[in-house]
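Here is a short briefing on one protein model.

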Amino acid sequence: MNQNPFYLRWNKGWIFIFFLEGGIAKIEARGFGISITTNIKKGESPNESADRLIIKEQRMRKSLYYSWIRSIKQ
């Protein structure tokens, strides 16, 4: 059973996995049918990396949604 090691209230629906790949610390977010991965930047905590990763994904999804809405209203 997967357990979410990070509890970020606004990130419900996501599971975060911290791992090392080739000596580089990474974090993977899984949720809503997708899986995205990023490196953890120097001086950044895993929670900050998770926030940065999900915020970027949410902005992209919102942008795509509004782009779609504009295209069907024309």
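Glutamate 21 is partly exposed, because its relative accessible area is 44%, and partly exposed covers the range between buried (under 20%) and exposed (over 50%), using a 1.4 Å probe and protein chains only. The model is predicted: local features need pLDDT of at least 70, side-chain atom pairs count only at pLDDT 80 or more, and totals for chains, interfaces and linings use all residues. Residues are numbered from 1 along each chain as its sequence is written, and side-chain values use heavy atoms, with hydrogens and water left out.

**Salt bridges**

- The whole structure holds four salt bridges; the term means a side-chain nitrogen of Lys or Arg within 4 Å of a carboxyl oxygen of Asp or Glu.
- Side chains of opposite charge can pair when their charged atoms come close.
- Glutamate 21 pairs with lysine 26, and their closest N and O atoms are 2.8 Å apart. Lysine 26 counts as buried, because its relative accessibility is 15%.
- Glutamate 44 pairs with arginine 52, with the closest N and O atoms 3.0 Å apart. Glutamate 44 is buried at 18% relative accessibility. Arginine 52 is partly exposed at 26%.
- Arginine 61 pairs with glutamate 57, again through a salt bridge, with closest N and O atoms 3.0 Å apart. Both residues lie in helix α1, four residues apart, about one turn of the helix. Arginine 61 is partly exposed at 36%, whereas glutamate 57 is buried at 11%.

**Threonine 38**

- Threonine 38 sits in strand β3, residues 34-39. Helices (H or I, at least four residues) and strands (E, at least two) are DSSP runs, numbered from the N terminus.
- Threonine 38 counts as buried because its relative accessibility is 15%.
- Its side chain makes a polar contact of 3.3 Å with the side chain of arginine 52. Such a contact is a pair of N or O atoms within 3.5 Å; within protein, one must be able to donate a hydrogen and the other to accept it, and residues adjacent in sequence count only if both atoms are side-chain atoms.
- Beyond neighbours within four places in sequence, threonine 38 is in contact (heavy atoms within 4.5 Å) with Lys26, Ile27, Ser49, Arg52 and Leu53.

**Nonpolar core**

- Nine residues form the largest nonpolar core: Trp14, Phe16, Ile27, Ala29, Ile36, Ile40, Ala50, Leu53 and Ile54. The term covers buried Ala, Val, Leu, Ile, Met, Phe, Trp, Tyr and Cys residues joined through side-chain atoms within 4.5 Å.
- Strand β2 (24-31) and helix α1 (46-73) each give two or more residues to this core. α1 gives the most, with three.
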